[in-house]
Amino acid sequence: MSKLRKIKVANGIFWLEVPEADVYILCGCPADTVKHLKKQGLIHTRSEKGITFESGPNAILLSDLLVQNGRFANLAEFPVMQMLYRQGMILPNHPKNTNIKPILIGSEDQVEAQMQYIYRGNYGLVSEEEFRSAGMSPDETKELMNLKLKFAYGKVHETEDILDTVIVKNEPTEIRNGVFIRHLRLNVFEFQYQGEFVTVDLNLAHNENYSAPYSLSFHNIKREYFAIIHSGQGDGWDINRPSMSSIIMFQGKIYLIDAEPNILNSLIALGININEIEGIFHTHAHDDHFAGLTTLMRADHRVRYFATPLVRISVAKKLSALASIEEKNFSDYFEVNDLEFNIWNNIEGLEVYPMISPHPVENNVFIFRALCEDGYKTYAHYADTVDLDVLKGMISEDGISEKFYYQVEKEYLQEVNLKKIDVGGELIHGKAEDFRRDTSRKIILSHTSLELTHQQKEIGSGAPFGMVDVLIPAHQDYLRQYAFQYLRSYFPSAPLYQLRILLNNSVITFNPETIMLKTGTIPNEIYLILTGNVEHIQSGTGRQSILSAGALIGEISGLNNIPSTDTYRAVSFVQALRLPPSLYLEFVKKNDLYGKIERIQEKRKFLQKTWLLGYSISYLKQVTLTRSMNFHHYPAGEIFLDKNCPDLYVVKNGKLQIYIGKDIFETLEGGDFFGEEGVLFEMPSLFKIRATEPVEICKISGDGLLDIPVIRWKLFETFKKRRKNLLDPALNSLPIFYWRSEYSINIRKIDDHHQQMLEKANKLCEAIVAKKEAHILNASINFFIDFTLFHFAEEENLLKEHYYNDYESHRDKHQRLIEDVLKIKEQISNDGIEMNMEVLDLFKDWIINHILTEDRKYGPYLNAKGVF
């Protein structure tokens with residue numbers, strides 16, 4: 001019988017167990033992984049010494065890739081919480097608390113990112129300074145810190161206090177008790193135990209995606225004036241339902257309340273495309289309310305983000321740790337709209353009243369209201385609440401005040417038309433009994449994976465997925481309003497009366513999985529999608545994409561009366577405006593639009609074939625992009641990006657090479673792109689690009705690209721990937737720490753420093769390889785660190801002297817790097833660290849990345865000031 005057992009749990013998720021060594025590893029942890037394990041029977045309930053608890057993994061293997069096929073691959077917060085609390089590994093006097101920590105396994109960068117993300121997920125803001133930065137008064141700060149410490153059993157623990165880590169390398173590394181792991185290639189790992197070997201491949205296939213652990217029925221939702229769609233009633237452990245969430249429809253617009261894991265599945269089932277989302281009201285940063293934010297980052301517009309600064313700052317810190325971006329970049333992906341506590345904030349007629357609700361992380365609950373002939377109609381969304389008895393027990397000198405307690409109680413019991421409450425119980429969640437005296441007209445019980453008791457059913461109702469509570473009905477046709485807006489955007493020069501001719505056609509509803517137009521078929525109708533999701537299958541290529549509201553189906557084939565080359569299939573309920581081809585053709589002729597439409601469609605067809613500009617970009621955004629696209633032909637040998645350029649280049653035909661000197665780092669073909677450095681940071685390219693044969697290139701203006709979050713994210717991921725190639729010995733003919741003229745930022749003093757730093761690092765590398773004596777190595781590394789500190793000080797003085805606009809951020813990065821190197825220096829002086837190539841790995845990443853990324857950003861600025 002094998003001692004190593006591997007089970008496939010779901011796409012990109014495996015279970016590996018070695019019972020003899022007491023090692024149980026969850027391999028891969030995308031959204032809702034714990035629910036998958038429960039569904040597969042790999043987590044079950046047991047009792048010991050009178051205590052009931054769950055079984056489960058005691059280690060987690062992270063993906064090498066943060067994102068796969070557009071979805072985040074590493075969301076370890078809930079698996080870690082399951083190990084610590086539901087298994088009991090951290091609970092005092094628990095039979096599973098053996099002082100052996102759970103383990104996080106993976107590459108150094110992914111482990112570090114997850115440790116910080118878990119830390120912020122556990123605690124949110126962790127200091128008085130952070131609370132004050134969110135606008136809290138000294139008294140409020142003190143009370144909220146006391147509250148946090150009560151939830152945290154008196155201490156905020158560093159993640160290192162509760163988790164062990166194992167960094168995976170190319171050679172076998174022991175996990176625990178004789179179980180070893182090694183890295184075979186990207187996202188492929190080999191486990192070894194007593195002569196047995198098992199390989200785990202966490203890569204998703206091109207057409208694969210992480211799956212939800214539950215299936216959802218489809219719903220055809222009518223757009224209302226003010227209504228609530230119940231999109232989630234479960235919690236982070238419920239294997240049958242999405243986590244607690246709601247969707248507000250107001251004046252035909254769609255607003256989310258929280259972003260649960262696998263939110264895309266919920267939206268598809270409800271016939272809502274991600275690009276239809278106007279905004280999100282966010283309660284707090286726990287993953288069952290937060291994980292879907294990473295999906296919203298893939299929208300083709302910045303979704304409006306509504307929360308109090310207290311919550312927004314907490315969320316930004318966690319998201320920046322997870323995605324390895326800076327906190328200030330939160331606003332690159334979301335349009336931030338800060339709300340004030342305890343007043344009505346007016347959002348274009350929808351008013352919202354945020355209130356603090358006690359929780360381990362910063363949390364605001366909301367009451368919404370909208371005006372109608374009967375006055376205001378109100379909806380309260382209380383996620384998450386706290387058991388009032390638990391909160392009362394926190395009243396003390398080092399806890400909360402009685403005033404705070406009674407304020408929370410009063411706010412919980414405010415009368416509204418509709419109220420959704422958290423009844424998850426235990427230490428950090430609410431209970432239904434606290435709302436028995438609530439006089440609200442309807443209460444919805446939510447945030448639980450348990451069957452409701454008879455006592456709970458006496459207090460509140462349930463709400464199956466997709467149920468809608470209409471507070472103010474619509475007496476207008478929002479679908480035709482959408483249709484007019486789309487047609488007006490496409491044809492701004494057409495007279496309004498002619499657009500109204502097109503609008504005077506029927507709206508058709510397609511059931512999920514219906515073929516709307518089949519390849520090889522001449523369309524009888526052209527369809528303008530108004531709601532829902534349509535799968536576009538490019539016949540013969542294996543490519544597919546999702547079309548959303550605003551897309552035209554069958555336009556070119558309908559105008560020309562020729563068979564469609566592609567297939568279009570409803571993914572959800574789809575509502576579309578029917579446009580008879582003969583009428584549409586007459587409209588096109590009268591407005592002399594045929595040539596323009598043909599050119600736009602030809603460019604769109606090219607965009608659809610690219611990874612960067614095809615999937616997730618709405619039809620309307622693609623049409624906008626076509627206006628700044630120009631195609632150019634270049635001969636073999638043409639060199640690109642030898643100067644700073646803010647445009648993006650996308651290859652249509654031919655091949656190019658990305659290179660520095662003699663080293664070729666990547667070959668580009670049709671659909672690939674370059675120029676991301678100039679678009680993202682307005683800085684010169686580090687690499688040269690050379691055409692190896694005649695090429696046709698699409699040049700797209702960088703203006704506007706960064707306003708599309710999904711494009712910004714893909715550009716940033718590509719930028720990081722190409723920088724990492726510089727650290728790959730297989731791609732470099734020169735030592736990693738070798739100065740290249742391409743590294744210059746065109747400021748002599750700084751270039752001299754950088755060259756010396758790399759020379760010193762290279763000599764240190766050679767000394768380690770030659771296994772020089774410890775005192776020689778220590779002297780060498782100390783000299784290197786001291787020179788680096790000197791360089792940072794000189795650089796900061798230069799930036800400050802010339803009023804560099806990103807000076808503070810650059811200085812803060814220096815400070816973090818200084819903390820890292822001083823920690824290493826202290827370990828060396830205390831003989832606490834072995835002088836081997838691992839030490840250089842710590843230097844390698846930050847030297848290369850800081851010099852070749854952060855420092856290159858200020859080069860053009862100082863050059864413009866006359867500094868060379």
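**A tour of the model, stop by stop**

Select Glu348, which is partly exposed at a relative accessible area of 47%. Accessibility classes here are buried (under 20% relative accessible area), exposed (over 50%) and partly exposed (in between), using a 1.4 Å probe and protein chains only. This is a predicted model, in which local features need pLDDT of at least 70, side-chain atom pairs count only at pLDDT 80 or more, and totals for chains, interfaces and linings use all residues. Residues are numbered from 1 along each chain as its sequence is written, and side-chain values use heavy atoms, with hydrogens and water left out.

**Stop 1**

Helices (H or I, at least four residues) and strands (E, at least two) are DSSP runs, numbered from the N terminus. Most residues other than glycine have a negative phi, and most peptide bonds are trans. Glu348 has a positive phi near 55°. Next select Asn342, in the loop between β20 and β21 (345–347). Its phi is also positive, at about 60°, although Asn342 is not a glycine. Asn342 is partly exposed, with a relative accessible area of 39%.

Then move to Asp384, in the loop between β24 (375–382) and α12 (388–392). The peptide bond that runs from Ala383 to Asp384 is cis, with omega near -5°.

**Stop 1: the sheet of 7 strands**

Select the strands of the open sheet in the order β20-β19-β18-β17-β16-β15-β27; their pairing is mixed. Two strands count as paired if DSSP finds at least two bridges between them. The edges are β20 (334–338) and β27 (468–472), and each has a single partner strand, so one side of each lacks a neighbour in the sheet. On average, neighbouring strands of this sheet are turned by 25° against each other, direction ignored. Such angles run from 0 to 180 degrees between N-to-C directions, and the axes are lines fitted to C-alpha atoms, for helices over the stretch in contact.

Strand β19 (residues 303–307) runs parallel to β20, and 5 bridges join them. Ala307 is opposite Asp338 of β20. Now show helix α10, which lies across β19 and β20 and runs at about 125° to β19.

Go on to strand β17 (residues 253–257). Is β17 enclosed or open? Of its 5 residues, 4 are buried, so β17 is largely enclosed by the rest of the structure. With strand β16 (residues 245–250), β17 pairs in the antiparallel sense over 5 bridges. Across this pair, Phe250 faces Lys253 in β17. The hairpin of β16 and β17 has 2 residues between the strands, and Gln251 there takes a positive phi near 50°.

On its other pairing, β17 runs parallel to strand β18 (residues 277–281), with 4 bridges. Ile257 has Phe281 in β18 as its bridge partner.

**Stop 2: the nonpolar cores**

A nonpolar core is a set of buried Ala, Val, Leu, Ile, Met, Phe, Trp, Tyr and Cys residues joined through side-chain atoms within 4.5 Å. The largest one has 98 residues, and Phe334, Ile711 and Trp713 have the most contacts inside it. Helix α10 (residues 309–323) gives the largest share, 7 residues. A second, separate core has 64 residues, including Ile248, Phe250, Leu471 and Tyr584.

Select Trp713. Contact means heavy atoms within 4.5 Å. Apart from neighbours within four places in sequence, Trp713 is in contact with residues including Leu66, Phe72, Met297 and Tyr333.

**Stop 3: two buried loop residues**

Pro30 is in the loop between β3 (23–27) and α1 (33–39). Pro30 is buried, at a relative accessible area of 3%. Beyond its neighbours within four places in sequence, Pro30 is in contact with Ile13, Phe72, Ala73, Leu75 and Tyr210.

Asn505 sits in the loop between α16 (496–503) and β28 (507–510). Its relative accessibility is 9%, so Asn505 counts as buried. Where does Asn505 make its contacts, leaving aside neighbours within four places in sequence? They are with Arg480, Leu577, Arg578, Leu579, Pro580 and Leu583.

**Stop 4: the sheet of 6 strands**

Finish with the open sheet ordered β1-β2-β3-β6-β9-β10, which has mixed pairing. β1 (5–10) and β10 (164–167) are at its edges. β1 pairs with strand β2 (residues 13–18) in the antiparallel sense over 5 bridges, and Lys8 is opposite Phe14 in β2.
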